[in-house]
Amino acid sequence: MNANAFIAIDDVSKDFGTVRAVDRVAFGIARGEFFSLLGPSGCGKTTLLRMLAGFEFPTEGEIYIDGQAMASEPPENRPVNMVFQSYAIFPHLTVRKNIGYSLRRDRLSRVEFDRKVGRMLELIKLPGYEERKSHELSGGERQRVALARALIRRPKVLLLDEPLGALDKQLREQMQLELRDLQREVGITFVFVTHDQEEALTMSDRIAVMSKGRYLQIDTPTQLYEAPRSREVAAFIGSMNFFDARVEEVADGHARVAAGPLGHLRAATRAKRFSVGETVLAAVRPEKITISSRPPAPSDASGGTNFVKGVLDATAYLGDRSHHYIRLPGVDKPVAVSAQNLNPAEFDVESRKRDVWLNWSSEAVVLLRAT
Amino acid sequence: MSEPTAVSTGSGVAPMGTPLRWWRRLILRNEAVRGYTLLSPTLFLMTLALGAPVFFLFLVSFFTQDLLEISTDFSLENYMSFLGKENYQKLLWRSLKVSGFVTVLSVVLAYPMAYFIAFRVRKNKFAWLILITVPFWTSYLLRVFAWKIVLGHNGVINSGLTELGFIEEPLTFLLYNPFAVVLTLAHAWAAFAIMPIYVSLEKIDRSLLEAARDLGDGPAMRFWRVTLPLSMAGVVAASLLVFIPTVGDFVTPTMVGGPKGTLIGNLIQIQFGKANNWPLGAALSVISLIAITAVVCAFLWFTKRVRTQEL
Amino acid sequence: MTIRDTAPVASGEARTKTRARRAPDAAPRIGALGVFAVLYLAFIYAPVLFIPLFSFNDSTYIAFPLSGFTTEWYVTMSRSDGLVGALTNSIKVATPAAVVSTLLGTLAAKAVTRYRMPGMEAVVSFIMSPLVVPAIIVGVALLIIVNAIGIELSLFTVFLAHLPPCTAFAMWIMISRLEGFDAAIEEASRDLGEGPWMTFWRVTFPLIVPGVVASLLLTFTISFDEYVLASFLGGSEPTLPIYIYSQLRFPWQLPNVLALATILLFASFALVYIAMRFRNRGVQFKTTTGV
């Protein structure tokens, strides 16, 4: 697959003893792309990244970068550089020597060396830091130095192994934006490993969602969120309510499904083909459901679709929004609803056990094939 | 140190061609191979200077010596002669007993010391550790010699006590007996006893003790139910580190032991010296090793039982 | 029992951690334990310190009362036959023993701290075993094999015999130095284009230098002071401990031996103290920050 891609991962597997960390993975990454590998720990994303860097070697398969086979090249011969999770700043060297570490073979004059390092320091907004040592840097500063060090020779690919994991929340959000800007500025292909879905969604052009050594779906952030292709992806990215259903009728881009005790639901099929009688999962995001304490007007109830009555089970107040959990008759798991608190909260702790009505549009429903 | 791979700049998939390429692929892909490559010089030395000799020792123990001739025919004669001679057995038994006493004495003395450094010393922990370990690095011979000076007939204790008027005649029970051997060995191996216990105590998470306190245990119960069980691994390690090496010692018994303090080490040494019966010496060494192993296994089995029952 | 668990000196970092862990209100209690600690130190040091005390005593008998101060024994000692030769021999053995064992111990420590290998526990136990196996057994076993091969006993065989225990010590020291060494630091160097050797030279070596120095000094001390193995494998050229032992037979030599022993004791103290300081020196390996 994608043999012509800038980075081609061609049926790569990696075994550690009897454990298969990466299992016949094949996909391509385009030149200049900000590509993320997203998944829980142990899903094989870091192993895959380390195989790109050359610290692990595939048990099977081949990796091509810009047309060159890489699987047998040691790390120093690869046109890639890496920002390590721990940053791996050389503790015995100054910032200047850390950033210029890879320039040794270029035999630059001191002036030229300093000019290059200085330019990188400007890029990462740390001018004047030349003579500091790693223990004199904050977490964010180390991260920038690691970045500069990896970028100074303009590698074809920059690999980032959860580089924001060690930073606090505020700094992390700031660095996400800076990293994205930096990538646009330098135009280098970034391969970014993270377990933080928000981070991946914010920064990436495309994301590969991985699980158990395989990828489940590779897509743009919007597509992954709005049109997940499997229950695992839907559940991993954000949260999702699932209803068992059976297709009753398919017509002009919409399907009518029977969802047991919920009655009939309407859902957009999004160019997917379903046949009548097929069992499916109807999936709805919590924030796409509106909650109301009043029953719908009679006209809505008959003409509109996707109205469900339930009992409010619990409410969590989060300030800007509230999370409600609604018990529906005949459904095991309470339905999660996320509502913006546009007005002072309508439902509070006192609202438990009240009857509520839920509604969502047919476009909000994602139909997934039951597996 | 990173692995010495033959780095070529050629790219592409390495075909299964030259052995060098094959080796490089293996080394790149297999962590264990890289590790053992780094280990190989050390393992080679250890095999050559320790493994092979001990194997030879075992082999020679089945030879026999007749004056100057060594017969390489397989024979159990040396082992039979050990079983036949009560003196030999008594020496081995005494050695094990002496080492046992040394072990108990050093561990019992070391535990409070280690506890003190781990729990009581706030500042200068490092200085205390250096203070404890430095004598250990100095010449063993000189430390034994020092005890001879202290315990001798006209030694420090006797002359000191005489001078102060406490005694008229020098005390004769100080030197040249098993007691002197035990004392000297316990002194010589003190650091071996302290360090493992200290490390195991230092590793104990202090919040566990706070939890025990919170749950109503007083200091004695805290020690008995939390500290002691958690430091048992250190005590076991300390015991082995003291017991095993002291069994074969011959310098201390020679210098402070006297006839009553002679140990199996002396007997072995004589076989390789004056008596010049190497096969017998080898057999005695093997027997000592077996005896040590047996005691150690019994000890480990016992401590394991005690620990599992306690918890 | 894993020997790795018993690494002697806590690293600086471990020490600060414990300090932080401790409740601030727990007032220092010295009490009975403190008294015991002092007595214990006396037990460890007092016998050894009688050696220098009597080496300055103006009497051939080692007994109280002290009869007067003299440095005479140092003068006669320095003139005694064979001393310089024995000293040279010891240095000839201890220097290469320190260098080779530190090299091997560092390689081995690197391997076990860096790579996951099947059978590693067994290998580590094997390499560490000379620390535990009675020296006499190692000595006679080596004597037998050296004799079987037909190598003549010499300083070389003493050097050979000192390698296993010294290497075990070196590995022990280097393991405690290398634990916590972030493997990513070396990977970063490879990633930035340096091969294995340059990575070692530019990154690994500068970071482990304090440990290497400590190991060199300590293994030198071990070999220099070693008696048992040297007594079995030494040829006609005695090392210093062998020389001292032989002098102990002559009562009239005792004061001279005391003088020599004093010098050796303080030389050892100094070397070991420097080594210990080195061991805990240098940059911290941990590169992550808690922010």
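Reader: What distance separates the centres of domain 1 and domain 2 of chain A?

Author: This is a predicted model, in which local features need pLDDT of at least 70, side-chain atom pairs count only at pLDDT 80 or more, and totals for chains, interfaces and linings use all residues. Residues are numbered from 1 along each chain as its sequence is written, while chains are lettered from A and ligands numbered from 1 in the order in which they are written. In chain A, domain 1 covers 7-235 and domain 2 covers 239-369, with bounds from an automatic or database domain assignment. Taken over C-alpha atoms, their centres are separated by 39 Å.

Reader: How many residues of domain 2 of chain A are in contact with domain 1 of chain A?

Author: Two residues are in contact if their C-beta atoms, placed from the backbone, lie within 7 Å. Domain 1 of chain A brings six residues to this contact, and the number from domain 2 of chain A is seven.

Reader: Which helix of chain C gives the most to the side that touches chain B?

Author: The contact joins 86 residues of chain B and 89 residues of chain C. Helices are DSSP runs (H or I, at least four residues), numbered from the N terminus. With 14 residues on that side of chain C, the answer is helix α2 (residues 31-55).

Reader: What distance separates the centres of domain 1 and domain 2 of chain C?

Author: The assignment for chain C gives 32-70 as domain 1 and 83-279 as domain 2. Over C-alpha atoms, the separation of their centres is 30 Å.

Key: Helices (H or I, at least four residues) and strands (E, at least two) are DSSP runs, numbered from the N terminus.
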